Amino acid sequence: MTEVSHFASDPVRRRLALSVPLSLASLWLPGCDQSSSTVAQPPASGPAAAPAAPAAAAAAAAAGSPASVKSASNFLTADAHWYRELLLGGNARPRLKAAVAPNGFYSPNITRDWKVTGEQRGTLITQTRAIYVMAAGYEVSAEPAFQDALVRTADFLLLKCRHPTEPGLWVKEIAPDGKILDPEVHVYGQMQAIFALAHAYRSTNEKRFLDAALTTWLNVDIRALVSGKRPDYALTGLNVAMHTFEAILALNRASPSRVLLDDLNVIGEHILKYFLNEKEGYFYEHLTEDLKPLPGGEIRVGHNFEMAFLFSRAAAVGLPAKFHEAGGRVVDFAAAHGIHATNGSVPHELTYDRAVRDPLLVFWCHAEALRAIAHFVVQRQRAALRPKFDAVLGFTKAHFIDPTYGGWYRTADRPDQGKGSDWFAGYHEAMLCTEILRLTDQRFKSGQEMLL
């Protein structure tokens with residue numbers, strides 16, 4: 001095992017982690033710490049109804065609310081139905097029909113025409129991303145079939161994917177019957193579990209999902225992770241750091257707490273201090289063991305767009321303005337240097353001197369570019385970025401969207417690759433669509449907006 005698999009190092013967190021009952025979530029439910037409840041909450045009938053936040057917190061929530069930045073001229077509104085259908089007809093519905101088994105196992109290997117194929121080895125990544133896609137389908141459509149699939153996929157995670165010797169943590173691979181195929185613990189997967197379970201809780205009000213997410217958070221221990229107290233693991237990759245930030249942001253929005261907010265700030269500060277090139281305005285992808293930029297390393301364009309978006313959304317929970325300001329600089333860099341000037345494609349990686357290092361045109365980079373640029377145009381009033389959005393959207397529609405069976409190709413103009421694999425489970429595509437719908441005033445089932 002090469003990554004975090006320990007009880008929290010802080011004495012209070014350790015005590016909590018060692019004695020976690022199923023009712024643990026009651027310690028963190030909104031109302032126990034109103035000072036951190038800065039995100040607009042769903043209606044009183046939802047799972048996280050909370051007392052009104054103080055004035056400063058309310059202002060932060062308003063800054064992150066789509067209602068505070070939208071107008072009748074929102075350029076996304078005309079295409080809102082297209083994004084809704086892309087989410088439902090081109091992602092959530094065919095995945096539900098083809099890949100979600102009665103026991104909740106999600107089959108990752110899917111053909112172009114939405115049929116499962118070959119050996120099905122579920123991973124923590126595919127199972128948790130399926131949970132998010134089912135949650136998105138339910139939030140947008142309110143169809144009971146999605147909620148049922150959401151509960152089944154999340155319960156499969158709880159019942160079959162728990163690590164046998166590491167309390168609160170999750171195994172890497174499972175068989176369709178729930179047999180553990182690989183018990184390895186990796187931080188990335190633990191973060192995806194927190195993220196998915198937070199959304200499962202928000203969409204179902206089933207407290208067991210929140211309990212499980214909080215227990216994983218306690219056992220990973222963000223401060224120990226960031227401070228390097230784990231001798232067998234250093235937080236030197238932007239991918240893991242970013243998804244850690246994403247998971248804690250979603251969990252704090254599901255159940256606001258000062259402790260969670262503090263952890264979110266800690267991981268955010270780590271990313272700003274070590275991964276951000278302040279002068280140029282981009283994030284390094286990899287660091288050395290002593291937390292220096294990896295010599296000759298890469299700038300992963302999709303991750304830069306993704307991290308910029310997450311920093312901006314974190315304003316909704318009250319993180320300082322420096323985070324969304326850094327996000328604005330990064331989205332400017334990525335839009336200027338990570339989008340082809342002629343055809344609007346988004347290459348996978350750049351060198352530090354801005355040359356294309358890896359020209360692979362992969363789905364998630366384009367989805368993250370569209371999500372981030374749309375967000376900054378509408379919510380941060382960055383109208384000058386609009387032509388970049390139009391260019392990437394044009395390329396995406398022409399080269400990634402399957403005109404015959406719906407959904408996305410994994411890489412541009414490659415329908416032969418199918419619609420599902422270990423890292424291709426509908427997650428990035430769903431997050432693009434839910435953000436566009438949020439920005440166009442879509443009302444989601446459990447509240448004004450999804451967690452992320």
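Mentor: Start with strand 7 (residues 349-351), which pairs with strand 8 in the antiparallel sense over two bridges. Pairing here means that DSSP finds at least two bridges between two strands; strands are DSSP runs of E of at least two residues and helices runs of H or I of at least four, numbered from the N terminus. Keep in mind that this is a predicted model, where local features need pLDDT of at least 70, side-chain atom pairs count only at pLDDT 80 or more, and totals for chains, interfaces and linings use all residues. Residues are numbered from 1 along each chain as its sequence is written, and side-chain values use heavy atoms, with hydrogens and water left out.

Within that pairing, glutamate 349 sits opposite aspartate 358 of strand 8. Zoom out a bit, and three strands make an open, antiparallel sheet in the order 6-7-8. Strand 6 (298-300) and strand 8 (356-358) are its edges, each pairing on one side only. Neighbouring strands are turned by 40° against each other on average, direction ignored (axes are lines fitted to C-alpha atoms, for helices over the stretch in contact, with angles from 0 to 180 degrees between N-to-C directions).

Arginine 313 makes a salt bridge with glutamate 449, closest N and O atoms 3.0 Å apart (a Lys or Arg side-chain nitrogen within 4 Å of an Asp or Glu carboxyl oxygen). Shared partners join Arg253, Arg313, Glu435, Arg438 and Glu449 into one salt-bridge network.
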